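Please open the structure in a viewer and keep the selection panel at hand.

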Amino acid sequence: MARRIAKFEKVSYKQFKEAWMDTFGDAGEEEIQKIYEGIRIPRRATSGSAGYDFFVPVDITVAPGRTVKIPTGIRVQMEEEWVLKCYPRSGLGFKYRLQLNNTVGIIDSDYYYSDNEGHIFAKITNDTNEEKTVELKAGTGFMQGIFVEYGITVDDDVRTVRNGGFGSTTKV
């Protein structure tokens, strides 16, 4: 039986609104609230699925060669020595060459405690060779996250605490 080591939850409305406006501009309080209320918590499709599907919060169209940043509204609390690895859903990659811009998203266990509440973002690119436009309806799974346990070296003595997202672990 698989270990239960994590729990997904929404970020606060305040955090989601800031991220949404930073990404898409001001859509109006009522519209952002509606989007926030519609956010679905990631889940597995079947009992044999390794990946937890993340769902787009609104209809998204990604033209060939274009990129979209998606504030998912999701964060995850997990045990130490585990990581959430995020990948595009296989069918979207296969059909459209939809890719995550960082190839694999790595969500560390201490990201949950960051200033942005551990808000998970995805930046996706339609890298089609066939000029196919990707159209994702609100609520469609577009990314999958898989929890993986990891180890550290015997001489590791890191005591630094994270505070931030991209690039925060390399700042001194």
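The stops below go from the whole chain to a sheet, a helix and a core.

This is a predicted model, in which local features need pLDDT of at least 70 and side-chain atom pairs count only at pLDDT 80 or more, while totals for chains, interfaces and linings use all residues. Residues are numbered from 1 along each chain as its sequence is written, and side-chain values use heavy atoms, with hydrogens and water left out.

**The whole chain**

Begin with the chain in cartoon view. It has three helices and eleven strands; helices (H or I, at least four residues) and strands (E, at least two) are DSSP runs, numbered from the N terminus. Read from the N terminus, the order of elements is β-α-α-β-β-β-β-β-α-β-β-β-β-β. Along the principal axes, the C-alpha atoms fill a box of roughly 50 × 35 × 35 Å.

Of the 172 residues, 39% count as buried, where buried means under 20% relative accessible area, exposed over 50%, and partly exposed in between (1.4 Å probe, protein chains only). Contact means heavy atoms within 4.5 Å; among contacts between residues at least 6 apart in sequence, 75% join residues at least 24 apart.

**The three-stranded sheet**

Select β4, β9 and β7, which in that order form an open sheet with antiparallel pairing. The edge strands, each pairing on one side only, are β4 (67-71) and β7 (98-100). From one strand to the next, the twist averages 30°. Two strands pair if DSSP finds at least two bridges between them.

Five bridges join β4 to β9 (residues 121-126). Among the pairs to display are Thr 67 with its bridge partner Thr 125, and Pro 71 opposite Phe 121.

**Asn 126**

Which strand holds Asn 126? Asn 126 lies in β9, and it counts as buried because its relative accessibility is 0%. Its side chain reaches the backbone oxygen of Lys 132 at 2.6 Å. Beyond residues up to four places away in sequence, Asn 126 touches several others, including Val 62, Arg 66, Tyr 96, Leu 98 and Val 134.

**Helix α1**

Now select Lys 17, which lies in helix α1. Lys 17 counts as partly exposed because its relative accessibility is 24%. Apart from neighbours within four places in sequence, Lys 17 is in contact with Glu 29 and Ile 32.

**The nonpolar core**

Finally, display Phe 54, Leu 84, Ile 124 and Phe 142, the residues with the most contacts inside the largest nonpolar core, which has 36 residues. Such a core is a set of buried Ala, Val, Leu, Ile, Met, Phe, Trp, Tyr and Cys residues joined through side-chain atoms within 4.5 Å. Centre on Phe 54: its contacts, leaving aside neighbours within four places in sequence, include Phe 8, Pro 42, Ile 74, Leu 84, Ile 120 and Phe 142.

Definitions and conventions: Axes are lines fitted to C-alpha atoms, for helices over the stretch in contact, and angles run from 0 to 180 degrees between N-to-C directions. A polar contact is a pair of N or O atoms within 3.5 Å; within protein, one must be able to donate a hydrogen and the other to accept it, and residues adjacent in sequence count only if both atoms are side-chain atoms.
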